[in-house]
Amino acid sequence: VFAIAVLIYSTLWLFVGNALYTYIYRLDAFTYRVAILGSGATADELQTVVTNILIRPLHRVTAFVRLVPGENRRREEFQGLPVLECNPASLAETVRRLNVNAVLVAENAPAVLHTVYPQLRRLRSEGIAIMDTLSVMEIYTGRVPLDQIDEQWLMETEAMARSPVALRFKRICDIVLTLIGIVLLTPFALFIAAGIKVSAPSSPVMFCQKRVGLFGRSFVILKF
C-alpha cells in the first residue's frame, strides 16, 4: 500500500510540476524575446527552430531587421511579423528599442555584416545574446546543417576546442590513470588470459589491430 501511495504521489507531483513549469514559462514575464537580423529562407528557418513549443522558456520573435542604406522605416510583414528596415549605423539603437534578449543573425552577406560587427559586440556587452545561424542550429537542435559548414567555421571550431594547457593536463591524467589501472587490473588480466588459453589453446590471448587516432596517426590496440 505504501509503495502504491508513493507511486501515485510521484506521478501526480510530476504531472502538476510539469504543468506549473509550462504555465510559468509561457507567461510574458518569462518569455525570451528574439529579433532576427535578416529575412528570407534562413530567417524563416531560424524562426521555426526557436519558436518550437517544446523550448523553455517560450521564445517569441518580435521582428525581423533588414539592413538597408537610408532612413529607418517599417516596410512589409514577413511570416506575420514586422520587417524593420534599418541603416547599419543605427542597428544597436533599433535592437535596444525592440527590448529583446537575443539577436539571431540570418544575414549571409559578409560585406554587410562586417559593417555592423562593432555594434553587435556592443550589444553583446550589454547582455544581449548574439548568435549566428550555425550556433542557433547547434544549440537548439543539437545538429549542424552540413550545407552551412565552411572552412572558416571548421577553423574557428578547432581553435575554440583546443587549449594546449588542457591537452597537456589531459595527457598527464591519461598516463597516470592508465598506470594505476594496469597495476590494479593485472591480476584480473592474468586470470582472463589463463581462461582464454584453457578454453582455446590455439587462439592468441590478445587481439591486436592497427587503428587511426588523433591527427591521422596510427597506433596498435591490444585487448582481450
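## Nonpolar cores

A nonpolar core is a set of buried Ala, Val, Leu, Ile, Met, Phe, Trp, Tyr and Cys residues joined through side-chain atoms within 4.5 Å. Buried means under 20% relative accessible area, exposed over 50%, and partly exposed in between, with a 1.4 Å probe and protein chains only. The model is predicted: local features need pLDDT of at least 70, side-chain atom pairs count only at pLDDT 80 or more, and totals for chains, interfaces and linings use all residues. Residues are numbered from 1 along each chain as its sequence is written, and side-chain values use heavy atoms, with hydrogens and water left out.

The largest nonpolar core has 20 residues, and L37 and L91 touch the most other members. At least two residues of this core come from each of β1 (32-37), β2 (59-67), β4 (81-86), α3 (91-98), β5 (102-105) and α4 (110-125). Helices (H or I, at least four residues) and strands (E, at least two) are DSSP runs, numbered from the N terminus. Another core lies apart from the largest one; it has 16 residues, among them A43, V61, L81 and V136. Not counting residues up to four places away in sequence, L37 touches V65, L67, L91, V103, L104, V105, A106, E107 and L113, where contact means heavy atoms within 4.5 Å.

## Chain totals

The protein chain has seven helices and eight strands. Of its 224 residues, 26% are buried. Among contacts in the chain with a separation of 6 or more, residues 24 or more positions apart account for 56%.

## The cavity

A search of the whole structure finds one cavity of 30 Å³ or more. Rolling a probe the size of a water molecule over the atoms shows where empty space is left. On a 1 Å grid over the protein atoms alone, a cavity is a set of points where a 1.4 Å probe fits but cannot get out, and lining residues have an atom within 4 Å of a point. Grid points are joined across faces, edges and corners, and a volume is the space filled by probe spheres set on the points. The largest cavity has a volume of about 30 Å³.

Its lining consists of A35, I36, L37, V65, L91, V95, V103 and L120. Two or more lining residues come from each of β1 and α3, and β1 gives the most, with three residues. By class, the lining has eight nonpolar, no polar and no charged residues. Ala, Val, Leu, Ile, Met, Phe, Trp, Tyr, Cys and Pro count as nonpolar, Asp, Glu, Lys and Arg as charged, and the others, Gly among them, as polar.

## Buried polar and charged side chains

E85 lies in strand β4 and is buried, with a relative accessible area of 8%. The side chains of E85 and R66 are joined by a polar contact of 3.3 Å. A polar contact is a pair of N or O atoms within 3.5 Å; within protein, one must be able to donate a hydrogen and the other to accept it, and residues adjacent in sequence count only if both atoms are side-chain atoms.

H59 is placed in strand β2 and counts as buried at 8% relative accessibility. Its side chain makes a polar contact of 2.8 Å with the side chain of Y140. Leaving out residues up to four places away in sequence, H59 touches Y32, V34, V50, T51 and Y140.

## Loop residues

The loop between α3 and β5 holds N99 and N101. N99 is exposed, with a relative accessible area of 54%, and its phi is near 55°, a positive value in a residue other than glycine. N101 is partly exposed at 32% relative accessibility. Apart from neighbours within four places in sequence, N101 is in contact with T31, Y32, R33, G127, I128 and A129.

P69 is found in the loop between β2 and β3 (73-78) and is exposed, with a relative accessible area of 70%. P69 and C86 are 17 residues apart in sequence and 7.5 Å apart in space, C-alpha to C-alpha. G80, in the loop between β3 and β4, counts as exposed at 56% relative accessibility. The C-alpha atoms of G80 and A63, 17 residues apart along the chain, lie 9.4 Å from each other.

Terms used. 1 Å grid on protein atoms, 1.4 Å probe; cavity = no way out; pocket = protein on both sides within 12 Å on 5 of 7 lines; lining within 4 Å.
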